[in-house]
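Here is a short briefing to read alongside the sequence and the fold.

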Amino acid sequence: MNETPREKVYSEAEIADRLEKELPKWHYENGWIRRKYKTHSWKSTLMVINTVGHLAEAAWHHPDITASYAWVEVRLMNHAAKGITDKDFELAKKIEEVVQWQPAREGGALEGTPPTDQRFAYIKYD
């Protein structure tokens, strides 16, 4: 019988080191790596939830999400491995890249949401 090799589960010290180097806005707490995204409204909160949901489904690695009017908390932990694995770090990086994307900073044709018009406020970028 072929057994699937177990994924490496990182120690708390290894998790702290990787978060500091790779995902400084994320933290480790109660067995999860976590990140809270602040938004400007319920509409923005739902957009973040849907973005995270799309990325998670595409990756086939699903976070826990808690939300309120103007924030979303994403929690990642590999349930099958019973700890934090490379899957968690990789999905966290992709979520961070997409949710924190600011097209205006890239200098291309995409200007991003107008920064001075609160009617279009979206994410409270870090």
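Which strands does helix 2 lie across, and at about what angle does it run to strand 3? Helix 2, residues 42-59, lies across strand 3 and strand 4 (71-76), and its direction is about 175 degrees from that of strand 3. Please keep in mind that this is a predicted model.

- You will find 4 strands in an open sheet, and their order is 1-2-4-3.
- The pairing in this sheet is antiparallel.
- At the edges sit strand 1 (27-29) and strand 3 (64-68), each of which pairs on one side only.
- From one strand to the next, the twist averages 30 degrees.

**Where strand 1 meets strand 2**
- Strand 1 and strand 2 (residues 32-38) run antiparallel and are joined by 3 bridges.
- If you look at glutamate 29, its bridge partner in strand 2 is tryptophan 32.

- Helix 3 (residues 86-99) lies across strand 2 and strand 4.
- The angle between helix 3 and strand 2 is about 5 degrees, whereas helix 2 runs at about 175 degrees to strand 3.

**A nonpolar patch on the surface**
- Trp42, Leu46 and Tyr69 make up a nonpolar surface patch, and together they have about 320 Å² of accessible area.
- Tryptophan 42, one of these residues, belongs to helix 2.
- Tryptophan 42 counts as partly exposed because its relative accessibility is 39%, which falls between the 20% limit for buried and the 50% limit for exposed.

Note on methods. Residues are numbered from 1 along each chain as its sequence is written. This is a predicted model: local features need pLDDT of at least 70, side-chain atom pairs count only at pLDDT 80 or more; totals for chains, interfaces and linings use all residues. Side-chain values use heavy atoms; hydrogens and water are left out. Two strands pair if DSSP finds at least two bridges between them. Helices (H or I, at least four residues) and strands (E, at least two) are DSSP runs, numbered from the N terminus. Axes are lines fitted to C-alpha atoms, for helices over the stretch in contact, and angles run from 0 to 180 degrees between N-to-C directions. Contact means heavy atoms within 4.5 Å. Patches are made of residues with over 30% relative accessible area and no salt bridge: like charges are joined within 9 Å, nonpolar side chains (Val, Leu, Ile, Met, Phe, Trp, Tyr) within 5 Å. Accessible areas come from the Shrake-Rupley method with a 1.4 Å probe; for residues, only the protein chains shown count as cover. A salt bridge is a side-chain nitrogen of Lys or Arg within 4 Å of a carboxyl oxygen of Asp or Glu. Buried means under 20% relative accessible area, exposed over 50%, partly exposed in between (1.4 Å probe, protein chains only).
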